[in-house]
Amino acid sequence: MRYFYTADEIRSAEAPLLASQHPGTLMRRAAFGLANVIARELGTVTGRTLCAVVGSGDNGGDALWAATFLRRRGASATAILLDPERVHSEALAAFRRAGGRVVESLPAATDLVIDGVVGISGSGPLRPPAAEIFDVVAKAGIPVVAVDLPSGVDVQTGAADGPHVAPAVTVTFGGLKPVHALAACGRIELIDIGLGLPPSAMVGFDADDVAARWPLPGPDDDKYTQGVTGVMAGSATYPGAAVLCTGAAVAATSGMVRYAGSAGQQVLSRWPEVIATPGHTMAGRVQSWIVGPGLGTDESAAAALCFALDSDVPVIVDADALTLLAAHPDLLANRRAPTLLTPHAGEFERLAGSPPGVDRVGATRRLADQLGVTVLLKGNVTVIAEPEGAVYLNAAGQSWAATAGSGDVLSGIIGALLAAGLPSGEAAAAAAFVHARAADLSAREPGPAPVPTSASRILAHLRAGLGSIL
């Protein structure tokens, strides 16, 4: 499990350590870890050349101390001081004593650059002097190691509204911050500096977390105890949505999938194990409902949504059903069972009255609290918020799942997990993780070089993706 902490939470945890230790001890501890990561990145330290771009805060001090340690190990070290009057004086003095040189511009033979411009207290894009330096760095293809976070990127939202650093590696201290899931930070290295942080309310699943929660049949299970997933999806116009959604529920190890709708013939031609009926009133008992993918927004679709929301089982509202719900949010008023909404940005705007904006976590939290439901906001980083509860972040690392019908597959996976009894937030987080893994596998077959994929290919790789985790 990965926990993410706000800047305030990190500063609060640092305060007692700073008060109990000799000044500078915590900084040198962090910088020593930073130097070790840089050394691994360089491979060989002796004879290599590095340059620290140094701001006025503690991150500048971290960068100077790390450069000092590496200079003592045989590297050639230079530093560009963006604000010489406000640089960390103790770190600068140590850097100079070790033979480090202060320069005005990036030396031509630099092998690696340390981004020590701003830390978790910074805001806004890079100022022009720093932006010019990192423009030269990017054009020269020099790898960058960022201290704590890429400068110019917001620590809480991951937003970058102007020039910013694009690192190969980000080294952070004490605990991960939201930016490490929400923005491109390269490889992330976490250095333990003894903060002893408790678990936070913002988390990210790893493969082990998914494997620990995924429902697997035991010796006493049957098709009913493994979860019966109900699907109301598809129409004459969009029968494929029903095929994708039901297929994903089958592949995600549902004990049984019941399909209710007009695309029964197409569904059965692909998934003969599905129980298909022409309407929801004849579907029989289920332990979760998925409603909306390709369903349309006519009266029959509205009746299907009302039927699902009137039930006492978990319901996923997706796609066309979100459009209906945006016009009639009162349908959620008397819900007692878990409800999960899975909007993309446009659907989110219809539900909330405004787009998610740069603070996707904050916006998703507000909508979840407002409606009293779990909300999964789709994107390269999936944000899942429970009402007045936890937030789950799933960074796909790529956008292979950004293809038509991919969301139908995701809903099918979530529905199977809800039917098996997982809490809505955990079901959504586990499903998003597996969905991203399947999308990545589908893009990398038949070879390691990724190629464009499709929802059908993602579905075809769902079992392989799940198998690689379990």
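How many aromatic pairs does the count come to in this structure? The count comes to four, where rings of Phe, Tyr and Trp (its six-membered ring) pair if their centres lie within 6.5 Å, with planes under 30 degrees apart called stacked, over 60 edge-to-face and the rest tilted.

A word on the basis: this is a predicted model, in which local features need pLDDT of at least 70, side-chain atom pairs count only at pLDDT 80 or more, and totals for chains, interfaces and linings use all residues. Residues are numbered from 1 along each chain as its sequence is written, and side-chain values use heavy atoms, leaving out hydrogens and water.

**Aromatic pairs**

One of the pairs joins F32 and F69, edge-to-face, at 5.9 Å centre to centre and 75 degrees between the planes. F32 sits in helix α2 (residues 25-42) and F69 in helix α3 (residues 58-72), so the pair ties together parts that are 37 residues apart in sequence. Helices (H or I, at least four residues) and strands (E, at least two) are DSSP runs, numbered from the N terminus. F32 is partly exposed at 46% relative accessible area, whereas F69 is buried at 15%. Here buried means under 20% relative accessible area, exposed over 50%, and partly exposed in between (1.4 Å probe, protein chains only).

Another pair is F205 with Y392, edge-to-face at 5.6 Å centre to centre and 75 degrees between the planes. Because F205 lies in the loop between β9 (202-204) and α7 (207-213) and Y392 in strand β18 (residues 391-395), this pair ties together parts 187 residues apart in sequence. F205 is buried, at 3% relative accessibility, and so is Y392, at 8%. Ring pairs also link F32, W65 and F69 into a cluster.

**Salt bridges**

Next come the charged side chains, with 14 salt bridges; each is a side-chain nitrogen of Lys or Arg within 4 Å of a carboxyl oxygen of Asp or Glu. The table shows some of them.

| Salt bridge | Closest N and O atoms |
|---|---|
| D206 and R2 | 2.8 Å |
| E90 and R28 | 3.0 Å |
| R187 and E189 | 3.0 Å |

R187 and E189 belong to one network with R40 and E41, joined by salt bridges that share partners.

**Cysteines**

C245 is buried, with a relative accessible area of 0%.
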